[in-house]
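Let's take a friendly walk through the aromatic rings of this model and the residues around them. Here are the sequence and the structure to follow along with.

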Amino acid sequence: FVVVLYLTCAASLGVEQKPRSGRRLLNNNNMVLHKKTKRDNKLLSSCNLTKFIKAVLAVTLLLLPVKQYRYINKLHLVVPTTANAPKNTTGSLLLPCDSNNNKSKTILVAEPTDSLALPLSWSSMMQEAGLVRSAAHQRKFFSVRDSVLSWIKAGLPEQKPLLQKTGKGGHLFAFVLNKNYAFRHIFKSGGTTVQKLLGLGYHGHVSSERVGNRTLITLVRDPVDHFLSGWAECGVRAFDEMANLTASNVYDDRVKAWLQFLQKRHQPSDSQALRRVQSHSMPQANFLWLQSRDQRFQWEEKLAIVGDLVELHGLLELVVGVHYNTSILGLSAKDNEIKMQHFPRNTSLLSNDTMRAICRYTSMDYYLFDFVPPAPCRDELLASIAGMNITAFQYWQ
């Protein structure tokens with residue numbers, strides 16, 4: 001060890017003698033290069049000290065057994081594993097944590113695969129980890145999304161309203177999980193829970209630009225339940241404005257009035273308070289477009305993993321390799337008196353017409369994710385996807 005260390009240090013430091021202050025240095029042609037000063041000597045000493053420290057660290061890392069580096073997962077360093085793992089868009093291997101020891105088997109750089117192989121590989125690993133719902137969403141979303149988008153763009157004018165963005169641009173975009181992953185925040189789909197798990201506090205969001213090259217993961221929930229959860233959230237944030245949408249106190253009328261507000265074109269006379277929060281009730285698919293200043297619609301290229309909200313903790317453990325406290329949850333509507341009293345999520349109080357109208361509004365979520373629509377909506381949605389050349393909807397019948 002001492003001999004190797006000495007030889008390494010000698011090689012890194014070199015054998016050149018430091019000239020005395022004021023000594024003139026000559027090259028092979030006896031031409032003056034420059035004049036050394038005391039300040040140069042100090043800089044040279046500092047440089048050599050740095051090289052010496054690097055050499056010591058290099059030799060130590062080479063000679064110590066690899067088994068002693070059990071902290072490597074905590075530092076998120078690169079660990080060679082297997083060449084058969086799925087890869088992200090940058091070509092890094094992405095392996096889930098070992099279910100026996102809860103350690104992540106992170107990442108070995110390799111060549112990227114095609115766009116569908118990566119998502120389907122993740123779907124298989126989700127299935128093996130018992131994340132059945134997430135595996136179904138993952139498989140379906142990445143299999144049908146391009147066909148759905150092509151169908152809408154080439155379809156009838158009434159299909160165009162399905163292409164909508166949230167109006168937030170790249171703001172309130174994601175939570176950074178680590179140097180490799182970020183959580184794309186779909187409002188009312190697990191964002192507060194992730195925020196609490198990471199201990200980020202209220203101002204934990206980053207913009208789409210600050211996500212960098214991280215791979216995005218996201219979570220989805222039942223579309224109608226998501227819509228009603230957003231209605232309740234907006235009702236709490238803009239209570240008086242929501243109450244003014246209709247004079248009726250009938251549950252079905254109030255929900256229908258909110259849906260009509262979301263679907264109509266923006267007017268200067270509209271409540272600005274409701275406009276600011278309306279994205280909480282928008283279809284979850286609206287959050288997954290590539291953020292751009294124009295109105296072109298492309299799927300977010302960094303998005304590689306789509307899971308189910310119910311399996312939030314298990315999915316984060318699978319992907320990030322960290323075991324999170326399952327007792328930490330986001331804000332529950334049951335703990336909010338205003339939501340429970342004025343905006344309960346109760347689909348049994350909705351008429352079939354209102355239910356079909358909600359399904360129409362959130363139809364992209366049913367096309368893209370593995371949710372079975374309510375019975376009143378199935379025939380209409382099945383008729384809509386006849387031209388998509390997709391067979392993933394047959395089980396609805």
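## The aromatic cluster

Phe141, Phe142, Trp289, Phe297, Trp299 and Phe369 are joined into a cluster by ring pairs. Here, rings of Phe, Tyr and Trp (its six-membered ring) pair if their centres lie within 6.5 Å, and planes under 30 degrees apart count as stacked, over 60 as edge-to-face and the rest as tilted. By this rule there are 12 aromatic pairs. In the pair formed by Phe141 and Phe369, the ring centres are 5.6 Å apart and the planes are at 20 degrees, so this pair is stacked. Phe141 belongs to helix 4 (residues 132-153), while Phe369 is in the loop between helix 13 (363-368) and helix 14 (375-384), so the pair ties together parts that are 228 residues apart in sequence. Helices are DSSP runs (H or I, at least four residues), numbered from the N terminus.

Phe141 and Phe369 are both buried, where buried means under 20% relative accessible area, exposed over 50%, and partly exposed in between (1.4 Å probe, protein chains only). A charge sits over a ring if NZ of Lys or CZ of Arg is within 6 Å of the ring centre and within 35 degrees of the ring normal.

## How the model is read

This is a predicted model, where local features need pLDDT of at least 70 and side-chain atom pairs count only at pLDDT 80 or more, while totals for chains, interfaces and linings use all residues. Residues are numbered from 1 along each chain as its sequence is written, and side-chain values use heavy atoms, with hydrogens and water left out.

Helix 8 (residues 251-263) holds both Trp258 and Phe261, three residues apart, or about one turn of the helix. Their ring centres are 5.6 Å apart with planes at 15 degrees, so Trp258 and Phe261 are stacked. Trp258 is buried, with a relative accessible area of 0%, and Phe261 is buried too, at 4%. The charged end of Arg275 sits over the ring of Phe261, 4.4 Å from its centre.

Thr246 is found in the loop between helix 7 (239-243) and helix 8. With a relative accessible area of 23%, Thr246 is partly exposed. Leaving aside neighbours within four places in sequence, Thr246 is in contact (heavy atoms within 4.5 Å) with Asp253, Arg254 and Ala257. From Thr246 to Ala257 it is 11 residues in sequence and 6.4 Å in space, C-alpha to C-alpha.

Notes:
Helix = DSSP H or I, 4+ residues; strand = E, 2+ residues; numbered from the N terminus.
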